[in-house]
Amino acid sequence: MLKYILKRILYLIPILIGVSAIIFALKTVTPGDPARQILGNDATEEQVQEKRDELGLNDPVLVQYVNYVGGIVTRGDFGDSYRTGEPILTEILPRLLTSAKITLGAVMIGAIIGVLLGIISALKKYTWIDSVVLVISMFFQSVPEFVVALVLIMILAVKLHLLPATGITTWQGYIMPMLCIGLSAVAGYTRITRSSMLEVLGEDYIRTARAKGQSEKNITYHHALRNAMIPVAQSLGSNIGNAIGGGMVLETVFGVPGVGKYIVDAITQRNYPGVLGGALIIAIILTLINMIVDISFVLIDPRLKTTIISGGAKKMPKKMKAA
Amino acid sequence: MAKIHTPAMEKIEKRNAKRKKPVKSTPTTESWKRFKRNPTALLGLFVVCILILVAIFAPLIAPFDYQKQDYASMMQAPSMKHLFGTDQFGRDIFSRVIFGTRYSLVIALFCTIAAFFSGGLLGIIAGYFGGIADTIIMRIMDVFQSIPMIMMAMCIVAVLGNGIPQLVAAVMFASMPTMARSNRAAILRVRGSDYIESSEAIGVGQIRMIIKHMIPNAVGVMIIYFVGFLAVSIMMMSAMSYIGVGLSAPTPEWGLILNDGKAYLTSAPYMMLFPAMMIMITCFAFNLMGDGLRDAFDPRLK
């Protein structure tokens, strides 16, 4: 077990190196001269050259990359904002909490509704209820979140004045962003729950439970559901990723001061360090979350070690058979 | 041996000629049969066909020039003259939405083709050759996947700037891991079959093997991903242009039309309602069709 956990942690290193390399590659092709950006248009050519030397922009690309990663690891230096001159990390940290709240709320809403619908459609399989559940959940999955958000704003905020259209000054402001991101994930959970429920219901231990004379309710909720939840829980990691991606757009639609809005604002303001630093921070957090999800589920259910290692689950390291 | 002709045999031959030829049962016809039985999938196909027709005949359908600004009729609510109303520049929103179909579908098609030629090709290579090539390609794809798709696309557009080629490139790079993974899976499923083994045994070359034997057999699954990804790229594209990244005005792309109406959400909600509806209908139709295709080509996946 310890060996698996260590391996999983070691697996982070190449991923993080790769992600930082992608972001660094994007950084090197950004238009404009960072030195000029910092000094402003009044600076002379010599001053700019001096600043370029100081920033290490005249070094070979590989040296620049090593310095970039070194700066992140030792000083948490993701670059400074062109807009305010503040380090990206200090600008983003307070926003992380807001984004985390929305992401967590959304994932929870999506998971709860999705699992409930999944159970319903598994128990009523091949009936009209099953098809209706599938079509509705698919609708929310296939329609972009921001369009759902706009329609919700039109109905709930503009027409009915039930919820604020933008901002999170009151707790009601959180409802619509969470709901929009959550609803888009419902279909995924419904589908996984449905198929894993159907699979589990065909297992031997369910037949044994039936033979013992357990009530059907007991079988569904105690025997089947618990086991059927494993693949659902495993998909949480990738769903958090989707929720963060969706959050980027929705934070802008709802005017929520989170990381997503920060990055989008940085894009429109051509604040490239803000964009790439923000993206890198999100990617690192996401990678860590995925690792924690993997490890915690292996701790909960050691059977998973084999499925994860042999590549049974999506998004899991597949070539770790040697473990 | 000469063929014998007797009156009775001629009669039988005549009868046989009148009969319909027996329908050859190939995997494709079987899939089509399954697809036809699925009402939601047919509905999706129907809507997609209408959208394609609208895109082709946009200049004939649209009553106004989508770029023409008419300051005499600004911000008009939907009426018989302007079905979807007019925007703040007096442009007819109905015409813009109709032309938007053209832009949205064509750009989505470009994005999907680009994604298939990059990520899909990588996936096919990884799946076919296996071993080290597979490990290297898939590990790189793991890295790409650590950044959420839309964030990746936005970062690339942020760096490259707005425009259609930049957008296509961004979607291509962002979708590479998903595309590679699904195409690899499609090839892997074919790779294990007996006929591939026997072709290998009779010494079929590698290129010929991939092109002649594997891709035709994996194409059903690939079509599913293709249609599914068309919807994904429409979603991504409209979301990005809505928040002002990707395409720039005055392209009548649906996301951009929404972006134009953003400021008037409370005073003139119709400006956003119709383009939003179009995005919803299109994405839903593509997904219904894609789901139907999945059930048709691959009943086991259901």
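Visitor: How far apart do the end C-alpha atoms of residues 218-243 of chain B lie?
Guide: In this predicted model, local features need pLDDT of at least 70 and side-chain atom pairs count only at pLDDT 80 or more, while totals for chains, interfaces and linings use all residues. Residues are numbered from 1 along each chain as its sequence is written, and chains are lettered from A and ligands numbered from 1 in the order in which they are written. Residues 218-243 of chain B are 96% helix and 0% strand, where helices (H or I, at least four residues) and strands (E, at least two) are DSSP runs numbered from the N terminus. The end C-alpha atoms of that span lie 37 Å apart.

Visitor: Is Val106(B) buried or exposed?
Guide: Val106(B) has its place in helix α5 of chain B, and its C-alpha atom is separated by 21 Å from that of Phe64(B), 42 residues apart along the chain. A residue is buried if 20 or more other C-beta atoms lie within 10 Å of its own, exposed if 12 or fewer, and partly exposed in between, with C-beta atoms placed from the backbone. Val106(B) has 12 C-beta neighbours inside 10 Å, so it counts as exposed.

Visitor: What do the buried residues of α11(B) pack against?
Guide: Helix α11 (residues 254-261) of chain B is mostly covered, with 8 of its 8 residues buried. Among them are Trp254(B), Leu256(B), Asn259(B) and Asp260(B). The partners of these buried residues are α5 (93-129), α10 and α12 of chain B, together with α8 of chain A.

Visitor: Which element gives the largest share of the side of chain B that touches chain A?
Guide: Counting two residues as in contact if their C-beta atoms, placed from the backbone, lie within 7 Å, 40 residues of chain B are in contact with 42 residues of chain A. The elements of chain B that give two or more residues to this side are α6 (131-145), α7 (149-160), α10 (206-242) and α12 (270-297). By class, this side has 29 nonpolar, 8 polar and 3 charged residues; here Ala, Val, Leu, Ile, Met, Phe, Trp, Tyr, Cys and Pro count as nonpolar, Asp, Glu, Lys and Arg as charged, and the others, Gly among them, as polar. The largest share, 9 residues, comes from α12(B).

Visitor: Turning to chain A, how many helices are there?
Guide: The C-alpha trace of chain A spans about 85 × 60 × 25 Å along its principal axes. Of its 323 residues, 40% are buried. Chain A has 0 strands, and its helices number 15.

Visitor: How are α2(A) and α14(A) oriented to each other?
Guide: Axes are lines fitted to C-alpha atoms, for helices over the stretch in contact, and angles run from 0 to 180 degrees between N-to-C directions. Helix α2 (residues 12-28) and helix α14 (residues 272-300) of chain A pack at about 165 degrees, with their axes 10 Å apart. Angles under 35 degrees count as roughly parallel, over 145 as roughly antiparallel, 65 to 115 as roughly perpendicular and the rest as oblique. The two helices, α2(A) and α14(A), are therefore roughly antiparallel.

Visitor: Which residues of α14(A) meet α2(A)?
Guide: By class, the contact of α2(A) with α14(A) has 12 nonpolar, 2 polar and 1 charged residues. On the α2(A) side, the contact includes Leu12(A), Ile15(A), Ser20(A) and Lys27(A). From α14(A) come Leu276(A), Ala279(A), Leu280(A), Ala283(A), Ile284(A), Thr287(A) and Met291(A).

Visitor: And how are α8(A) and α9(A) oriented to each other?
Guide: The axes of helix α8 (residues 145-159) and helix α9 (residues 172-201) of chain A come within 9 Å and cross at roughly 140 degrees. Residues that meet there include Leu152(A) in α8(A) and Ile181(A) in α9(A). The orientation of α8(A) and α9(A) is therefore oblique.
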